[in-house]
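Subject: Structure handover and notes

Dear colleague,

Please find below the structure that I promised to pass on, followed by my notes on it.

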Amino acid sequence: MKKIIKNVSVAAIIVLLMSCNNKKSNLAEDWVIDSQQDWEANIDNLSNITIKDGKLVPTEEEATFQSKLKTFSNKQSVKSITLSQSSEWLNWKPVANIGPSNLADAPVALQMGAGNYWLFGRYTKRKSQKEGTFQAVDTILKGFDVTLKTTPFKNQFDAPGGLKPSKGGYHAWQSTDLVNWVHHGPVSESFSKWVTTAEYVDGKLYLYYDFPNDQDPHLYIDDNLTDGEPGENMGMAFKDPTHGSDCAVIRDLEGNFHLIVEDWSPIDASTHAWDSPLSIHAVSIDGKGNFEILDPPVDQRTNPTGEYAEYVHPHWHSEDPKNYPGKKATEDIPQHRVKAGQIRAYGKYEIHEPEQNAYGDWASISIGGQYYLFADFDPANGHGRQDMSVAWFTSDDINKPFTFCGNIGQGHPDPDIMFAEGKFYLVTQLNTDFVSDGPWVETVEVRVGVDTTNDGQINKWSDWKVVKEQYDYIEGFSKQIKRIPARVDVSDLPEGFGFQLEIKISDTSENQSKPVLDKLIVDFKE
């Protein structure tokens, strides 16, 4: 009797396993459209759309896509639809400078969480500010727990640290709303005035500066940004193997520090706005040193000639004569205010032909693992600062090469990038900054239809729903931004044997951007 019962138990288990496997085999895999071939294979009807490089590109302000009916032998239940767009990020809008009016030189921007935004730059007094004609008074500002002083600058206030004398370097300003700015005073000194980039880690500011100008990133670590005093000077963080620096720093989600540095070895940077077609990527565990050089993220060099030449740098010898002893200039160099006979340090480069695009003054941000680099753009066919602009590049992996996306503006920007108040701010040293809602471009609507009777016809459509990516802060990171996918829930639709998608695209932007779709995922219930 026991033997029979044992055999029956084994048989029952086998039947149960077979039943589970059959259920698994009846489940639909995600319906994914993610390539040129995928889009083309799923077309039922198009209007004002072309499919190019694996993306759905609208050709007019209004466009539609209708898929073929996706059929199954067994009924399925749809759960959600997720769309993603091109990573080009072209939807930028020019705005007036967001920062304090007396912030000078290249701005460094950093968010330290919602409602905690910082800008760093040189402190300057405008000509309209006459000494002794303005009398500061005490005031209280929401979001700050100390008494502040009014200033002659609109929407600007001095905290106690901001009343301390300048040390000839960068200063710090803080805002809770990007409207009112509180000045907290110096964060660097005269020898460390060439501040290039910053990160915020575990309550401490990592402030990088070149010494001398365009050389060798050095580091301050500052655990008190409100005391009007620079932090601890850690000295050189990265010995630049060439000339250039003007670096950007960004931490990845594992906490590693990545530097993006200019490399002037293939160009006469002095005639190209001190920028270059080549950059260096270096990574360190703690950002204080021991950087490992990796493959260049941007490399737009033309053809090397094997010939070398020199250029003069106006600051190297005067700022660091010990390491840059220099030599006498043999002729006047007007653009650098150098007279023949004066001692200046020179850099050496390999001549490349034809003329090269040049990029520099790097800045970086990551959105959901998609990395972006922003920089000066001095085009090969340009004629000085009037032809310069901000350019940006992107990569889905910081360790891979970056692809050029586009450019905007006019002039020598020296940009930085910050996420604040739900938007992205591209700040420059010019009179114009730029703002964007993010890489997602408006407007995309989607609906899905279900064939419930297996007759090849749609019996039930979902409502049209607008889909849009959203973005948010990631705690503990200043330059890593969370991407919330453009997803719509359609789980209230009935089961069916077939499903069809319709997408409506409306280009509502006022710039060159378009709602370009590059991936679609239909997720089915388990």
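A residue is called buried when its relative accessible area is under 20%, exposed when it is over 50%, and partly exposed in between, with a 1.4 Å probe and protein chains only. By that rule Arg 344, at a relative accessible area of 17%, is buried; Arg 344 is part of strand 26, residues 343–353, where strands (E, at least two residues) and helices (H or I, at least four) are DSSP runs numbered from the N terminus. Setting aside neighbours within four places in sequence, Arg 344 is in contact with Val 312, His 313, Pro 314, His 317, Gly 326, Lys 327, Arg 337 and Val 338, contact being heavy atoms within 4.5 Å.

Before the rest, some provenance. This is a predicted model, in which local features need pLDDT of at least 70 and side-chain atom pairs count only at pLDDT 80 or more, while totals for chains, interfaces and linings use all residues. Residues are numbered from 1 along each chain as its sequence is written, and side-chain values use heavy atoms, with hydrogens and water left out. The mean pLDDT (the predictor's confidence in each residue, from 0 to 100) is 92 for the protein chain, and 93% of its residues reach 70 or more.

On a 1 Å grid over the protein atoms alone, a cavity is a set of points where a 1.4 Å probe fits but cannot get out, whereas a pocket is an open set with protein on both sides within 12 Å along at least five of seven lines, and lining residues have an atom within 4 Å of a point. Grid points are joined across faces, edges and corners, and a volume is the space filled by probe spheres set on the points.

The largest pocket holds about 610 Å³ of space. Its lining is made up of 29 residues, of which Trp 194, Asn 213, Trp 274, His 412 and Asp 414 lie nearest the centre. Two or more lining residues are given by each of strand 9 (103–111), strand 16 (194–201), strand 20 (244–251) and strand 27 (358–367), with the largest share, 4 residues, coming from strand 9. By class, this lining has 12 nonpolar, 8 polar and 9 charged residues, where Ala, Val, Leu, Ile, Met, Phe, Trp, Tyr, Cys and Pro count as nonpolar, Asp, Glu, Lys and Arg as charged, and the others, Gly among them, as polar.

The second largest pocket has about 510 Å³ of space, and of the 23 residues that line it, Lys 55, Ser 86, Ser 87, Glu 88 and Val 516 are the closest to its centre. Strand 30 supplies the largest share of that lining, 3 residues.

A search of the whole structure finds 1 cavity of 30 Å³ or more. It is lined by Asn 102, Tyr 123, Thr 151, Phe 153, Gln 156, Phe 157, Asp 158, Trp 173 and His 183, and strand 13 (residues 156–158) gives the largest share, 3 residues.

The peptide bond from Phe 211 to Pro 212 is cis, with omega near -10°, and Pro 212 lies in the loop between strand 17 (204–210) and strand 18 (217–222). Asp 214 is found in that loop as well; phi of Asp 214 is near 65°, a positive value in a residue other than glycine, and Asp 214 counts as buried because its relative accessibility is 3%. A cis peptide bond also runs from Glu 442 to Thr 443, with omega near -5°.

With best wishes
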